[in-house]
Amino acid sequence: VFPSLAQAQASVANEVYQELGQPSVFLFCPTEYCSSLCSPSPSQSCYLQTIGQELLPGIGVIWTGPKVVSQELSAVLLEEVEAVLRRRPIIWDNLYANDYDCRRVFLGPYMGRAPGLMSRLHGLLLNPNCELQANFIPIHTLGTWFQSELGSCAHPDHAGTEAVAALGDSQGAQDGSYSPQEALELALHDWVAEINQQALEPGR
């Protein structure tokens, strides 16, 4: 019936979206959901070009970055994805996902995401560790990153990769940019307080 997989997917997604009354949040995960799955690149992918053209504009499209688990996200990549999808992507961030190797638990700070990314995104979802309690630091530091991004949006002169300090800069908190090390220290402080509080509860 359909000349391509992308047209079939877009048609079904559009019909479901309209049948549901065009809800404010409706997410579509493409078959090519990261750069490494695109041939030869996101901007040259016939599949993504069709999705961008055919998918109704109110439908959000999920993207994981350069890879399924992306160590870095850049504004340049997001610009390329936005252009081909004709909408800002929703990042499904697998930085902490450990369902593919449950022998590992990821406890580091949220990092590797260029400053000023929020203006390039329609949203951001964090795929956490399978172990609930192990996600305190990931979620806490994501919150700190988000606050720094809000600060950048409030002060346009500080937005963009050229004007904001590098992600690893220890002076981040002083100039309004994000410092993973400082975010980690804040998270550890609050996590220890949370653990101590739980230890005092009856039956613990």
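Predicted model: local features only at pLDDT ≥ 70, side-chain atom pairs only at ≥ 80, totals over all residues.
## Ground rules and overall fold

Helices (DSSP runs of H or I, at least four residues) and strands (E, at least two) are numbered here from the N terminus. Residues are numbered from 1 along each chain as its sequence is written, and side-chain values use heavy atoms, with hydrogens and water left out.

The protein chain contains 6 helices and 4 strands, and in sequence order they give the pattern α-β-α-β-α-β-β-α-α-α. Of its 204 residues, 41% are buried, where buried means under 20% relative accessible area, exposed over 50% and partly exposed in between (1.4 Å probe, protein chains only). Contacts are heavy atoms within 4.5 Å; among those with a separation of 6 or more, 69% join residues 24 or more positions apart.

## The nonpolar core

A friendly reminder before we look inside: in soluble globular proteins, nonpolar side chains tend to be buried together. A nonpolar core is a set of buried Ala, Val, Leu, Ile, Met, Phe, Trp, Tyr and Cys residues joined through side-chain atoms within 4.5 Å. The largest one here has 33 residues, and Phe 28, Ile 51 and Leu 55 have the most contacts inside it. Helix H1 (5–19), H2, E2, H3 and helix H4 (136–154) are the elements that give two or more residues to this core. H3 gives the most, with 6 residues.

Helix H3 spans residues 75–85, and its buried residues are Ala 75, Leu 77, Leu 78, Val 81, Val 84 and Leu 85. They pack against H2, strand E2 (60–63) and strand E3 (90–93). After H3 comes Arg 86, with a positive phi near 60 degrees.

## Around helix H2

Helix H2 covers residues 46–54 and includes Thr 50. Thr 50 is buried, at a relative accessible area of 17%. Beyond its neighbours within four places in sequence, Thr 50 touches Ser 4, Ala 6, Gln 7 and Leu 55.

Ser 43 sits in the loop between strand E1 (27–28) and H2, and it is partly exposed, with a relative accessible area of 30%. Ser 43 and Glu 80 are 37 residues apart in sequence, yet 6.2 Å apart in space, C-alpha to C-alpha. Neighbours within four places aside, Ser 43 contacts Gln 49, Glu 80 and Val 84.

## Cysteines

The structure holds 0 disulfides, a disulfide being a pair of cysteine sulfur atoms within 2.5 Å. For Cys 38, the closest cysteine sulfur is that of Cys 34, 6.8 Å away and so too far for a bond. Cys 38 is buried, with a relative accessible area of 7%, whereas Cys 46 is exposed at 59%.

## Surface

Accessible areas come from the Shrake-Rupley method with a 1.4 Å probe, and for residues only the protein chains shown count as cover. The accessible surface of the protein chain is about 11,300 Å², with 57% belonging to carbon and sulfur atoms.

Val 12, Val 16 and Leu 20 form a nonpolar patch on the surface, with about 260 Å² of accessible area together. Patches are made of residues with over 30% relative accessible area and no salt bridge, joining like charges within 9 Å and nonpolar side chains (Val, Leu, Ile, Met, Phe, Trp, Tyr) within 5 Å. A salt bridge is a side-chain nitrogen of Lys or Arg within 4 Å of a carboxyl oxygen of Asp or Glu.
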